[in-house]
Amino acid sequence: MSATVPTREVVTRFAPSPTGFLHIGGARTALFNWLFARRHGGKFLLRIEDTDKARSTKPAIDAILEGMRWLQLDWDGREYYQSQFWARHAEVANELLARGHAYRCYMTHDELAAAREAAQREKRPFRIESKWRDCSPDAAAPDAPFVVRLKAPREGETVIEDQVQGTVTVRNAEIDDFVLLRSDGSPTYMLAVVVDDHDMGVTHVIRGDDHLNNAFRQLAIIRGMGWPEPVYAHVPLIHGQDGAKMSKRHGATGVMDYHALGFLPEALSNYLLRLGWGHGDEEIIARDDAIRWFGLEGVGRSPSRFDTKKLENLNGHYIREASDGRLAGLVTPRIETLLGRSLMTDEIALLTRAMEGLKPRAKNLNEIAEGALFLFKRRPLDLDEKAAVLLGGSAPDLLALVHAALAALPEWTAEATEQAVREVSESAGVKLGQVAQPLRAALTGRATSPGIFDVLVLLGREESLARVKDRV
């Protein structure tokens with residue numbers, strides 16, 4: 001369906017529950033909200049929905065903020081915390097009571113349990129049927145505990161013109177009298193989110209379609225208070241390759257997991273943008289273009305399938321586009337972890353020079369780090385299994401010839417070393433690869449590396465000759 005053109009300042013929000021890391025699905029929701037606000041020159045707010053104090057932790061909040069900052073999704077103003085507004089939430093609940101759109105319910109736990117069991121026996125949906133809906137609270141004991149429930153409409157239907165899902169209709173009889181305030185006076189999520197969205201001026205609620213049913217309940221509160229209704233856009237969830245809702249069994253699900261796996265933030269951002277939204281045949285979309293092009297009309301109604309291979313290919317593109325200095329800065333701590341020591345300034349400079357040869361084949365930063373280790377390892381090098389095989393048989397004899405030819409060179413350049421190695425292969429009557437492969441193994445301890453003649457230049461004459469001699 002075509003999207004509604006905003007007629008007032010756009011305000012969007014991302015409102016995660018701080019019960020764990022920033023999930024990949026939440027990151028896409030944040031990205032869509034951020035882009036929509038930036039596209040229309042509006043505001044993007046961040047609200048931490050920490051009403052569940054038992055599960056809301058400081059490390060989880062920090063993880064969400066870290067993920068948002070890594071993806072460069074900046075929010076306007078400070079981050080808000082829902083628990084700061086509990087007094088306001090209670091004020092609205094009492095206003096609904098005064099307006100006749102809510103009531104005090106004194107049903108006991110036993111009464112609720114019996115009603116739930118009856119619904120199960122009769123195989124019907126459980127709906128609250130409280131005698132207190134139309135009963136004076138004066139009939140209750142003065143000190144009896146109660147909750148405040150919404151007096152949901154019973155007749156007619158509620159219609160939402162969703163910007164993604166289209167026209168969605170629910171019979172009001174299906175909306176139950178849900179709790180607004182618990183017996184201890186604390187607000188439920190359903191009340192708090194509506195009050196906060198209203199008070200913060202949120203105009204567009206863009207979120208996962210698992211919240212679509214909540215929208216009908218929340219509209220009952222909004223209409224009970226006579227507040228402006230937001231524009232809704234419920235985005236399909238992200239699925240794994242098997243079509244099931246994405247979970248840990250499909251691989252990494254936290255944003256910072258992808259940081260640890262060596263993905264660049266712009267690659268993950270670009271990939272999340274294309275999960276469920278499109279702009280023609282464009283696949284590589286820069287952030288500025290994403291802001292100019294993003295619209296809710298481009299969001300599809302079907303769930304998207306997360307494809308790690310496509311993400312890796314996209315990440316490879318962004319790695320090749322990144323500057324060598326930036327990549328060296330990102331890779332350095334990964335190498336230091338692998339080596340168990342810090343890199344010196346001259347070693348970081350060497351890594352920067354090597355990046356041109358390291359990054360073309362790499363799918364992530366970890367591959368670059370592993371591929372660069374040979375530059376900083378001490379002799380004699382450890383050999384991986386394939387390198388050890390390459391150094392068997394006649395390899396030591398060929399390497400002795402290579403050592404002599406290289407040692408005699410008057411200059412140490414990629415062109416000069418290549419010519420020397422070619423001459424060795426010709427004089428020995430073998431193909432160039434039969435010389436270059438054991439040479440690579442001797443120099444790097446691996447069967448794969450940047451171009452072997454670039455490796456010789458990076459390592460320098462002294463170190464290269466010493467490594468070759470170790471295998472003769």
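This is a predicted model: local features need pLDDT of at least 70, side-chain atom pairs count only at pLDDT 80 or more; totals for chains, interfaces and linings use all residues.
**Stop 1: a pair of crossing helices**

Select residues 86-99, helix α3, and then residues 189-199, helix α5. Their axes lie 10 Å apart, and the helices pack at an angle of about 100°. That angle falls in the range of 65 to 115 degrees, so α3 and α5 are roughly perpendicular to each other. Now show the side chains where they touch: α3 brings Arg88, His89, Val92 and Ala93, while α5 brings Leu191, Ala192, Val195, Asp196, His198 and Asp199. Colour this contact by class and you will find 5 nonpolar, 2 polar and 3 charged residues.

**Stop 2: helix α17 and its surroundings**

Next, select residues 432-444, which form helix α17. From first C-alpha to last, this 13-residue helix reaches 18 Å, close to the 18 Å expected at 1.5 Å a residue. Which residues of α17 are buried? They are Val435, Ala436, Pro438, Leu439, Arg440, Ala441, Ala442, Leu443 and Thr444. Step just past the end of α17 and you reach Gly445, with a positive phi of about 75°.

Stay here and keep α16 in view beside α17. The axes of these two helices come within 8 Å and cross at roughly 125°, so α16 and α17 are oblique to each other. The crossing of α16 past α17 is right-handed. On the α16 side the contact is made by Val421, Arg422, Val424 and Ser425, and on the α17 side by Leu432, Val435 and Leu439. By class, that contact has 5 nonpolar, 1 polar and 1 charged residues.

**Stop 3: backbone details in the loops**

Most residues other than glycine have a negative phi, and most peptide bonds are trans.

- Select Arg379 and Pro380: a cis peptide bond joins them, with omega about -5°. Pro380 sits in the loop between α13 (365-372) and α14.
- Move to Gln72, in the loop between α2 (58-70) and β3 (80-81). Gln72 is not a glycine, yet its phi is positive, near 60°. Is Gln72 buried or exposed? Its relative accessibility is 54%, so Gln72 counts as exposed.
- Finish at Lys123, in the loop between α4 (109-121) and β5 (147-150). Lys123 also has a positive phi, about 55°, and is exposed, with a relative accessible area of 78%.

Methods. Residues are numbered from 1 along each chain as its sequence is written. Side-chain values use heavy atoms; hydrogens and water are left out. Axes are lines fitted to C-alpha atoms, for helices over the stretch in contact, and angles run from 0 to 180 degrees between N-to-C directions. Helices (H or I, at least four residues) and strands (E, at least two) are DSSP runs, numbered from the N terminus. Angles under 35 degrees count as roughly parallel, over 145 as roughly antiparallel, 65 to 115 as roughly perpendicular and the rest as oblique. Contact means heavy atoms within 4.5 Å. Ala, Val, Leu, Ile, Met, Phe, Trp, Tyr, Cys and Pro count as nonpolar, Asp, Glu, Lys and Arg as charged, and the others, Gly among them, as polar. The expected span of a helix is 1.5 Å times one less than its number of residues. Buried means under 20% relative accessible area, exposed over 50%, partly exposed in between (1.4 Å probe, protein chains only). A crossing is left-handed if the near helix is turned anticlockwise from the far one by less than a right angle, and right-handed if clockwise.
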